[in-house]
Amino acid sequence: MAIFSQSNKWDLDSDLQMLAVNFRFISLMITALLLTACSGDDNGFPSYQTFSPPTAAQLSISPQAEVDTILFLDYQFNDAAGRPEGVSKINWYLDNKLQNSALQFTPRKQNEGQWLHFCVTPIAAYGNNHTGTLTCSIAALILPASGSAPTAENVQIDSALQPGKTVQGDYQYLDVDEDLEGNSKLIWALNTLEVAQGNSYTLPANSENSQLSFCVTPIALTGEPKTGVEVCDTKTVAGSYTAPTATSLLISPTPVTGNLLTGSYLFSDANSRTEGSSLSSWRLDGSEVATNTTLTLAATDEDKSLEFCVTPIAAYGQNATGTQSCTLVTNVAPKAGSAPVASSLAISSPLQPGQGVNASYLYSDADADIEASSLTLWRIDNVDSGTDLSLTLPVDSEGKNLELCVTPIALTGSPKQGSQVCQSLTIIGSYPPPTATSLLISPTPMTNTLLTGSYQFNDANSRPEGTSLISWKLDASEVATSITLTLLATDEDKNIEFCVTPIAAYGQNASGTQACTLVANADPLPGSAPSVTNLTWDTFAKPSTFLTLSYDFIDSDGDTEGVSLFSWKLDNIEVSQNISYTPSANSGGKNLAFCVTPVAVTGTPKIGSQSCITADIAAILLSGNLQLDDTLTLEIKGYTDLGVIWRSSNPSNNSTRSTSNSSFTISRGTPTESAFTLVSHDIEVCVTTAEEGELCSLASTYDSTEVTGGLPIAIDAGFNVTQRGVAPIPYADLTIGLITKRLHRPLTTVETSILNNAQPTVPLFDSQRAENGTSVFWGLFTWPNSNTHCLERGYSLTVDGINDTSDAFGLRQYYDHIVSLYPALPSTHVSLALGWGTNADYYWSISDVGGGSHADVYMVSGALGSITDTRPEYAACIETLP
């Protein structure tokens with residue numbers, strides 16, 4: 001009997017309840033003593049009886065444990081002798097800490113998230129062994145009480161927003177359910193980007209005019225919901241400033257032409273703002289010439305007035321720009337240096353008496369001082385004849401000495417005048433131009449060959465040859481100006497010419513017309529064919545992987561590689577001619593070859609011999625029939641095999657069954673092992689590779705053309721098999737004399753559905769049964785449907801083989817035959833050895849026992865039975881083999 005029950009909770013307070021219990025306990029004890037005294041032995045004294053201790057069971061707490069909810073306990077008091085309950089001990093615990101011994105318990109907010117349970121020590125009303133064992137309820141998690149979310153009010157930034165200073169945020173936390181505040185989120189954001197957390201934040205020095213937000217998301221310590229709505233206060237950062245100043249302006253070094261000057265100054269800001277992009281200005285004669293802090297004085301700046309000025313600008317804030325300050329005006333002094341130089345004096349030709357000639361020269365000054373009015377002087381046979389850059393030669397000047405002298409003068413710098421330089425020529429009269437003939441290139445133009453050009457110089461006036469101009473041309477472009485030329489490999493097949501512009505040693509028309517050889521072709525120099533070495537894979541070859549290779553192009557003649565020829569072959573069939581290739585997803589296990597035929601840009605021969613490299617595309621191939629006692633064949637392609645494990649996917653029996661790296665026979669591990677440790681489950685093979693570690697595959701995942709058969713476990717709406725496992729042994733053959741007949745196993749419900757879809761005349765199952773310990777459902781048929789099922793498949797039912805021996809091949813004969821094949825099994829041979837469904841059901845026979853019933857055989861033991869034809873049972877069909 002239970003003192004407390006779910007349907008009858010005590011409403012009295014705990015003191016009144018305890019009083020009532022004590023009263024009942026005293027009453028029961030008095031009654032028990034009186035009854036014992038009246039009916040006992042020993043002249044009216046109570047007889048002695050030994051009791052078993054009482055127990056408490058079915059402990060529970062109701063309703064659901066929530067904050068501020070009155071919780072009641074419930075349990076059942078049990079006593080083997082039927083004694084009534086005395087004052088059992090009750091204790092309530094929070095997180096395993098004792099709270100009280102009342103009959104009810106109300107958790108508070110501070111208990112949220114703690115674990116609550118109660119314990120009972122059952123006590124019988126009287127007798128020995130009246131105290132039982134302490135029993136405790138399952139702990140219940142105290143959930144928060146549903147209420148209102150907390151709120152944040154009066155959220156504000158309560159400090160002046162001065163960049164570089166720390167500001168404070170303030171808010172008021174409220175919760176109508178009086179839940180205390182937990183870890184509320186305090187977020188500072190600058191221009192919407194979170195920059196800090198907490199109730200204070202130091203503004204960056206460059207935060208002027210930024211948008212500062214202080215956001216509060218209130219979070220309660222207890223209750224539900226705990227998180228309230230985020231509330232923000234946003235203000236614009238705006239400080240107060242005075243304008244900056246620039247002082248201590250200085251130019252260094254002393255301003256001299258040609259010097260690099262640097263302007264310096266001191267930036268000052270009363271609010272310690274950092275400097276922004278202050279404006280620098282260099283002024284020459286009052287005009288700005290530069291805006292950075294350095295200036296290089298040119299020679300033309302000599303004697304100009306110079307100032308360096310700065311307009312100070314702070315990095316941010318009001319009054320960021322201050323007043324411009326300048327150095328005192330100073331004068332640019334000339335730089336003491338070198339005198340100017342006149343060089344490369346030249347007199348135009350021809351020097352024809354009676355005609356004008358012109359002079360030219362190069363002016364230079366080491367100090368970059370520009371030229372002023374340099375002095376020019378012409379002399380003919382030491383007689384001054386002119387001071388300009390041009391002079392008309394006297395008619396009688398033929399054969400005389402013409403001298404040109406230049407004294408360079410600089411506009412600036414010191415000293416300004418350089419030394420006089422002179423150039424002399426002999427005046428010579430008019431001549432026809434020379435010619436070049438008999439031009440020849442030898443030897444025959446070939447790549448990597450040194451060629452020499454030759455010609456005949458001719459002049460009608462027998463002037464000696466001066467510096468005639470040589471020109472070698474390839475495809476009409478000049479490539480050399482010396483008398484020899486070495487053709488490179490890259491010059492192959494180009495047009496080559498050797499040209500000469502004849503030049504006489506002196507006189508008018510000293511240069512003749514350019515003459516050239518006939519255009520010839522630059523042939524390749526015979527050499528060696530290119531070759532390929534170090535052909536290696538860049539990538540591990542496996543399906544759907546982008547593959548590339550590396551190789552070294554070798555040409556002993558130094559010819560560079562052209563467009564070499566590539567060929568990818570899959571099982572000796574070319575699939576690509578690119579430098580890279582991605583094998584298809586179904587290419588695993590195939591042989592992949594990559595071949596390179598090297599081709600040179602130049603030289604002959606250009607095409608070398610083909611070089612190849614081969615590899616098997618990485619794959620773990622499996623083939624065979626997914627059926628008990630059949631063998632699966634394993635091929636490891638492309639991988640380095642470090643070990644193989646075969647096992648069943650049966651979670652309760654998935655230990656290693658084999659470590660063969662070539663095959664696995666799906667057989668029972670021991671003579672007594674049940675076939676159903678394998679039947680309906682998958683076979684997993686795991687290969688440990690050096691390249692990719694352990695790779696595991698299920699046999700059923702391979703294409704049905706590779707791993708055939710298997711027991712259908714699931715199908716889709718189109719009756720396609722979507723899951724399969726290891727199939728049972730499909731049949732049992734029995735030979736008597738010269739006749740062999742085959743008994744086909746019963747079909748599963750899935751197999752029956754597939755067969756009915758393909759052949760509608762084959763009936764569907766009438767019922768189903770799962771073999772013990774498996775998830776395989778076998779189809780059960782009434783006798784008429786069993787008979788039709790076999791006939792439509794081209795088979796028939798067989799006799800029972802016990803009472804009906806009209807056919808020597810009865811169910812009992814097959815049972816005995818199967819038992820003889822597996823002597824180690826103690827029983828249930830058909831199921832444990834073949835994986836056929838037999839548990840708790842019989843196999844129909846064709847033997848009619850009358851009254852709408854047929855004989856059946858219990859294939860667990862071979863026992864004969866019979867039952868009405870409407871009872872669904874197993875259907876095993878028989879056929880005679882040819």
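Which elements do the buried residues of α4 pack against? Keep that question in mind as you open this predicted model.

**Stop 1: helix α4**

Select residues 811-821, which make up α4. Now pick out L811, Y814, Y815 and I818, which are buried. Look down the axis of α4: its buried residues fall within an arc of 100°, so they line one face of the helix. Next, show what they touch. They pack against the strands β55 (731-736), β56 (739-744), β59 (843-848), β60 (853-858) and β62 (877-880), and against helix α5 (829-834). Leave β62 displayed for the next stop.

**Stop 2: C790 and C877**

Select C790 and C877. They form a disulfide, with sulfur atoms 2.0 Å apart. The torsion about the S-S bond is about -80°, so this disulfide is left-handed. The link joins distant parts of the chain: C790 sits in helix α3 (residues 783-792) and C877 in strand β62, 87 residues apart. C790 counts as buried, at 0% relative accessibility. C877 is buried too, at 1%.

**Stop 3: C686 and C696**

Move to C686 and C696. A disulfide joins them, S to S 2.1 Å. With 115° about the S-S bond, the link is right-handed. C686 lies in strand β50 (residues 683-689) and C696 in strand β51 (residues 693-698), so the pair ties together parts 10 residues apart in sequence. Colour by accessibility here. C686 is buried at 1%, whereas C696 is partly exposed at 36%.

**Stop 4: C119 and C136**

Now select C119 and C136. Their sulfur atoms are 2.0 Å apart, and they form a disulfide. The S-S torsion is about 105°, so this disulfide is right-handed. C119 belongs to strand β6 (residues 115-121) and C136 to strand β7 (residues 135-136), so the pair ties together parts 17 residues apart in sequence. Is each cysteine buried or partly exposed? C119 is buried, with a relative accessible area of 3%. C136 is partly exposed, at 39%. To find the others, search the model for its disulfides: the count comes to 8.

**Stop 5: an open sheet**

Finish at β9, β10 and β13. These 3 strands form an open sheet in the order β9-β10-β13, with antiparallel pairing. β9 (151-157) and β13 (200-202) stand at the edges, each with a single partner strand, so one side of each has no neighbour in the sheet. Neighbouring strands are turned by 20° against each other on average, direction ignored. Zoom in on β9 and β10 (residues 166-174), which pair over 5 bridges. Then select E153: it stands opposite Q172 in β10.

How values were computed
Residues are numbered from 1 along each chain as its sequence is written. This is a predicted model: local features need pLDDT of at least 70, side-chain atom pairs count only at pLDDT 80 or more; totals for chains, interfaces and linings use all residues. Side-chain values use heavy atoms; hydrogens and water are left out. Buried means under 20% relative accessible area, exposed over 50%, partly exposed in between (1.4 Å probe, protein chains only). Helices (H or I, at least four residues) and strands (E, at least two) are DSSP runs, numbered from the N terminus. The arc is that of the directions from the helix axis to the C-beta atoms. Contact means heavy atoms within 4.5 Å. Two strands pair if DSSP finds at least two bridges between them. Axes are lines fitted to C-alpha atoms, for helices over the stretch in contact, and angles run from 0 to 180 degrees between N-to-C directions. A disulfide is a pair of cysteine sulfur atoms within 2.5 Å.
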